[in-house]
Amino acid sequence: MAAVRAPPPFPLFLVLALSISAAIAAAATTVLQPISDHHRSAALNLLVPSHGSFHSLQDAYEAHRVFEILGIEEKQRVSTDTCKEVLENLRSSSSSLKDLFYALKVNGILKCKVNGEVFKGIASRLKASISDPSPLPDLYYSIGSLVLIKGQDSNVDVLLADATGTFQSIKALSQSDGKWRYSSNKTESSAYATGLALEALAGVISLASSEIDQSKVNTVKSDILKLFDSIEKNDDGNFYFHEESVGGHEHQDSLSTTSSVVRGVTAFAAEVSGEINLPGDKTLGLANFLLGTGIPGNAKDFFNQVESLAFLESKRVTIPLILSLPETVYSLTKKGQLKVRVSTALGSAAPPLIVKLVRAFSSGAKDSTIIESKELQYDKRSGLHVLDAFTNNVDVGSYVFVFEIVLHDSRSEQVYATGGQIHVPIYVTGNIEVSNAEIGVLGDLGSAETKKTLDLAGNGIVSLSANHLQKLRLSFQLTTPHGHVFKPHQAIFKLRHETKVEHMFVIGNVGKKFEITLDFLGLVEKLFYLSGKYDIELTVGDAAMENSFIRLLGHVKLDLPEAPEKAAQPPPPPVDPYSRYGPKAEITHLFRAPEKRPPQNLSITFLALILLPFLGFLIGLLRLGVNLKNFPSSTVPATFAMLFQLSIGAVLLLYVLFWLKLDLFTTLKTVGFLGALLMFSGHRILSYLASTSTKLKSA
């Protein structure tokens, strides 16, 4: 029995959910999946041009090449702009060898209208660069460009006069371990450079005016076999090529390096007679490594993955067959069928074959076979191989199923690599029955004083009481759909005090029964001598358990002794992290007491004195009379005159309203509008009166 103080309540459920989902996801991710529509969707997101154009011709080629392999109709293809850049590079005498190479690569896909004379000029320049001593990358781009021109315009002379000499100069860069150097000045060999060298040698054979000596070709074949002898192998059993840092050159990761070797080997195999006897398990391991990267997150890795898989499927080496499962989690409750798909790495249909389930065993007992030698039925409609139903000895838990692919035609074994026995992790889930659940309080001698039966499927709760001399016992049984004892990943008993202090205890099993006994006398210190009400909670969960639960069982009132003077204090109550988003405490503010007001009679007297000048103004108007002789008679001036008078009246009325009810901000906004109207109308009427006065004086 172990006791732990828990975090707040919600993380326990979160940990349970995450552990279950993580275990199931781990099983699913170990099964490789061939290229699918998910890759096609990712390609459209990753390989689109930014602002209508690609960053470089290399990026343009890689995008169009991926679209071509995956059969995507690129609605966003900017062929006009790309072809314009292709033509500019091909016509320019200052274009680098790399730019020419990728311009020709793009032209091979987009079929831009390139004049034959342009091809002839480029071919002449490339032949001259090959005849000069050059590092391996320059030879790779020059020879590769000539091969591309050969495929795009058959009228251009691209054949090498001294193909044997060029072949030998490239071969001179090889090392005894089957790897190549970038140049004669470098001592370090490179797997990435090896891929470039093999592709360049394939190009030399294609461009040779006479056949290359077969002994030289056989030597390169031997170098390829040596290269594959030093191939790396990861923990999943997949093969790849690793690149060490080579001075003066950009470091290449394992995916780029493997892709370079695959391109080189398949290109060389396509140009030579006879086969390169590469082990089928290694070509399959390369395909598994490439697929194991999932869906790459950047355009370069995506291109390397897809193009390399396309080369492995080009029949230049044995074609890997990929066994995949649409699902690796099966429910006994839903009675799901085990389904297996066999295809190439790009998802193409496999040749006629049989899928055998060699054996299946529990993950924890490799020596105990539960299924042996069973052939899956092929469904022509779905293209899947199906196991109709699990045998009765397949119960809830994790298993390893061992499959084997058997080709109908033995001659297909020379074309396809099946990889022998394939181990696939399988999860089988189901509803676990919880039975014989009891909880009770035991006396100091172990006798049961209170014992209650629990219905964990219902909502009933129990109420118990105990003191420090007694014990609390909980027991229950877990059985699988086939009646076997089930041991979950998590079985936790939790006590939560009314002050939110929590204690968790791991429940162990004795035979078929899960049981925990809490001796409160030995736990008083862990419980911080806190008497009172404790909620009882049970958590049972497992990745294979479909009905995992967290269940409130009830509560127990504990009467514990007083805490000694030096006893440890309980921790502060946990802070709910979501409380920061809740309502804040109300802010109270005490305003200053208002000043003492003057007597009412004094205020009325002051108001009368203020109104006295206004009364005098009104009396003066009555005595003098209102003079309307200068009031305009024309329509427009009269209108402005009336607006002017009304604006003055409105401003006076606003002063009164401000005094009675309006606040300062409302008054300022209103006076801004009235002030503008007053100034405009006043300016117009005063201008009219001034012009009228001037006319009268001149008359």
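Biologist: Which element gives the most to the lining of the largest cavity?

Modeller: Helix α11 gives the most to that lining, with 4 residues. Please keep in mind that this is a predicted model.

Biologist: How many cavities of 30 Å³ or more are there in the whole structure?

Modeller: The search of the whole structure finds 1 cavity of that kind. The space in the largest cavity comes to about 50 Å³.

Biologist: How does one look for such empty space?

Modeller: A probe the size of a water molecule is rolled over the atoms, and this shows where empty space is left.

Biologist: Which residues line the largest cavity?

Modeller: The lining consists of F228, V261, V262, V265, T266, L278, T283, L286, L312 and V317. Two elements give two or more residues to it, namely α11 (254-271) and α12 (280-292).

Biologist: Let us change topic to helix α2. Which of its residues are buried?

Modeller: Helix α2 covers residues 37-46, and H39, A42 and A43 are buried in it. These residues lie on the same side of α2, because they cover an arc of only 105° around the axis.

Biologist: What does the face turned away from the buried side of α2 carry?

Modeller: That face carries the exposed residues D37 and N45.

Biologist: What about H38, is it buried or exposed?

Modeller: H38, which also belongs to helix α2, is exposed, with a relative accessible area of 59%. The C-alpha atom of H38 is separated by 8.1 Å from that of I295, although the two residues are 257 residues apart along the chain.

Biologist: Now the strands. What is the order of the strands in the open sheet of 5 strands?

Modeller: The order is β9-β10-β6-β4-β12, and the pairing is mixed. Strands β9 (377-379) and β12 (416-417) stand at the edges with a single partner strand each, so one side of each has no neighbour in the sheet.

Biologist: What holds paired strands of a sheet together, in general?

Modeller: Strands of a sheet pair through backbone hydrogen bonds, and the pairing is either parallel or antiparallel.

Biologist: Which sense do β9 and β10 have, parallel or antiparallel?

Modeller: β9 and β10 (residues 384-387) pair in the antiparallel sense, over 3 bridges. In that pairing, D379 has L384 of β10 as its bridge partner.

Biologist: Which feature does UniProt place at residues 321-428?

Modeller: The UniProt record, an unreviewed entry, places "domain: Ribophorin II second" there. Residues 321-428 are 0% helix and 58% strand, and the end C-alpha atoms of the span lie 26 Å apart.

Biologist: Moving on, which strands pair with β23?

Modeller: Strand β16 (residues 462-467) pairs with β23 (residues 549-559) in the parallel sense over 6 bridges, and S463 has H555 in β23 as its bridge partner. Strand β22 (residues 532-541) runs antiparallel to β23, with 9 bridges joining them. Here the bridge partner of L538 is R551 in β23.

Biologist: One last matter. What is the phi of F528, and what is that of Y529?

Modeller: F528 has a positive phi of about 60° although it is not a glycine. Y529 is not a glycine either, and its phi is positive at about 55°. Most residues other than glycine have a negative phi.

Biologist: Where is F528, and is it buried or exposed?

Modeller: F528 lies in the loop between α14 (520-523) and β22. F528 counts as buried, because its relative accessibility is 13%. Y529 is also placed in the loop between α14 and β22, and at 16% relative accessibility Y529 counts as buried.

Note on methods
Residues numbered from 1 in each chain as written. Predicted model: local features only at pLDDT ≥ 70, side-chain atom pairs only at ≥ 80, totals over all residues. Heavy atoms only, no water. Pairing = 2+ DSSP bridges. 1 Å grid on protein atoms, 1.4 Å probe; cavity = no way out; pocket = protein on both sides within 12 Å on 5 of 7 lines; lining within 4 Å. Points joined across faces, edges and corners; volume = space filled by probe spheres on them. UniProt positions renumbered as here; feature names shortened; annotations may be inferred. Buried < 20%, exposed > 50% of the residue type's maximum accessible area, 1.4 Å probe, protein only. Arc of directions from axis to C-beta.
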